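Please look through the sequence and the model below before reading on. The paragraphs that follow lead from the overall fold to a sheet, and then to helices and charged pairs.

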Amino acid sequence: MKGQDFEEKGERQLHFFCQCGFRFNDTSDSIAYKARILADQDVKELVEILEYGEQPHSDDLELFAPACDLIGRSMFQCPQCGRLYVEDSDYSYIQFVPCEEAEPAPEVNKKLLISAHGKLWHGCLYGDWKNPKPDYLEHKGYIEPQVNLDYDNLEFDDYNAFETRYYEIFEELKGKGILEYAVMRVNGIKKHTWSCE
Ligand SMILES: [Zn+2]
């Protein structure tokens, strides 16, 4: 089945909905449910590009563009239901349902597409507090750890609870050595920033 709810055909879609209702957003970097496809038939060519890059050369674009072309297609896995969407050559997505012995299997690994570094992948921590609460949000405060660890209860309506939890997670991720960047915003103003550099 082709992906659904596309706004237009013939271009890469920035948002689309899974069959289960989850909304895929393809608008940022380092998305945990997205991976690039490198065909085994193209590995040799990519290795040749990397080997060329190790030699002295003058033009970086000569390497960058052809390497990106080789990994131009993407796939997405729904973090709610585990369905896989593989990009076709016309920017549509073909949907695959996880099965076990020909039966749909809901209990599958839903993190198939995360970094090769797994839980050790270096990510970011975001905290955002808005008071008064805007109409488009359900809660005043949200903490978003973009790392390959699971955190629950990251929505807040009590400021002290929000701030305490943010610093707790910040110290934990920093302690594990997997944090690149952290920022906490209160009503749009940066109250805390940290970078590993
Ligand atoms: Zn889904």
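**A walk through the model**

Among contacts in the protein (heavy atoms within 4.5 Å) between residues at least 6 apart in sequence, 48% join residues at least 24 apart. This is a predicted model, in which local features need pLDDT of at least 70 and side-chain atom pairs count only at pLDDT 80 or more, while totals for chains, interfaces and linings use all residues. Residues are numbered from 1 along each chain as its sequence is written, and side-chain values use heavy atoms, with hydrogens and water left out.

The secondary structure comes to 3 helices and 13 strands, where helices (H or I, at least four residues) and strands (E, at least two) are DSSP runs numbered from the N terminus. Of the 197 residues in the protein, 33% are buried; buried means under 20% relative accessible area, exposed over 50%, and partly exposed in between, with a 1.4 Å probe and protein chains only.

Four of the strands form an open sheet in the order β3-β4-β5-β6, with antiparallel pairing; two strands pair if DSSP finds at least two bridges between them. Because β3 (34–36) and β6 (93–96) stand at the edges, each with a single partner strand, one side of each is left without a neighbour in the sheet. Strand β5 (residues 84–87) is joined to β6 by 4 bridges, and the two run antiparallel; V86 has I94, in β6, as its bridge partner.

The structure holds 6 salt bridges, a salt bridge being a side-chain nitrogen of Lys or Arg within 4 Å of a carboxyl oxygen of Asp or Glu. One of them joins the side chains of K34 and D26, at 2.8 Å from N to O. K34 counts as buried at 15% relative accessibility, and D26 counts as buried at 9%.

A salt bridge also links E48 and K44, whose closest N and O atoms are 3.7 Å apart. Both residues lie in helix α1, 4 residues apart, about one turn of the helix. Here E48 is partly exposed at 42% relative accessibility, whereas K44 is exposed at 61%.

In helix α3 (residues 159–176), E168 and R165 lie 3 residues apart, about one turn of the helix, and they form a salt bridge with the closest N and O atoms 2.6 Å apart. E168 counts as partly exposed at 43% relative accessibility, and R165 is partly exposed with a relative accessible area of 23%.
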